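Student: I am new to this structure and would like to look at it with you. Could we go through it step by step?

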Amino acid sequence: MGASLALAASALAGLAWLSLGCNPQTLSLILLPFQDNNVPPEYKLFAKNKELTLVILANFAKGEDRADIRPAATELAEALAMAFRQRCETNGHAIKIVPHLEVQSKQLNLGDDALRRPVELGEHFKTDFVLDVAVNSISLYEKNLQPPMYRGQADLSINLYKVKSKTGENRVFSKEFRRAFPNNPAPLDTSSISAAGFRQMFVHKTAHDIVKLFVSYPPEERRMQD
């Protein structure tokens, strides 16, 4: 996709150069829309134009007993995979993500120690990176409000590991990440959507924000309101 866009831009540039009498200043104005004005990520996952392979981990840091919250970790892993694929397709990047069920199966084989061995998981699946998202806390309701109203709050620890490191340090990115939804003053009426539906909406939006840490995105998305 990126090569096709570049070829089209070059062709248009040639035609514009001929039609404008080789005026460089006018030509630069015409080529301006083809410039990449995306917001750069905090960590540039795609440093080269080649396919990357990725393992995504999403787990509760301390376990979870609440029935309305328990599915959130699995939903987050699946939402992250979808968000990466969508963003990479838009940006012309090639990415291969290990299916979540395969990752879960390997984690079960490793036992309780699996969460402390993300690089080993990456080595097993022969991936370039492992994205490890620990859910430290998550809630769906506004605190101290009756009747209950929805306000998603999540506190996450995000770590990215490079499986084959030349420096010996596999962890290449780390961030404490907090997300609230909706982020406007008014919470969401619980009569408008089920708890499961709101949880999935919250997880979906959180996943798309996490992906922006690693893949560039249009500047208008930075100004979007929930």
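This is a predicted model: local features need pLDDT of at least 70, side-chain atom pairs count only at pLDDT 80 or more; totals for chains, interfaces and linings use all residues.

Student: In which sense do strand E1 and strand E3 pair?

Tutor: Residues are numbered from 1 along each chain as its sequence is written, and side-chain values use heavy atoms, leaving out hydrogens and water. Strands (E, at least two residues) and helices (H or I, at least four) are DSSP runs numbered from the N terminus, and two strands pair if DSSP finds at least two bridges between them. Seven bridges link E1 (residues 52-60) with E3 (residues 129-141), and their sense is parallel.

Student: Which residue in E4 is the bridge partner of Leu 131?

Tutor: E3 and E4 run antiparallel, joined by 11 bridges. In E4, the partner of Leu 131 is Leu 160.

Student: Is Tyr 161 buried or exposed?

Tutor: Tyr 161 belongs to strand E4 (residues 149-162). Buried means under 20% relative accessible area, exposed over 50%, and partly exposed in between, with a 1.4 Å probe and protein chains only. Because its relative accessibility is 15%, Tyr 161 counts as buried.

Student: Which residues does Thr 206 touch, leaving out those up to four places away in sequence?

Tutor: Thr 206 sits in helix H6 (residues 195-211) and is buried, at 3% relative accessible area. Contact means heavy atoms within 4.5 Å. With that sequence limit, Thr 206 touches Leu 156, Phe 177 and Arg 179.
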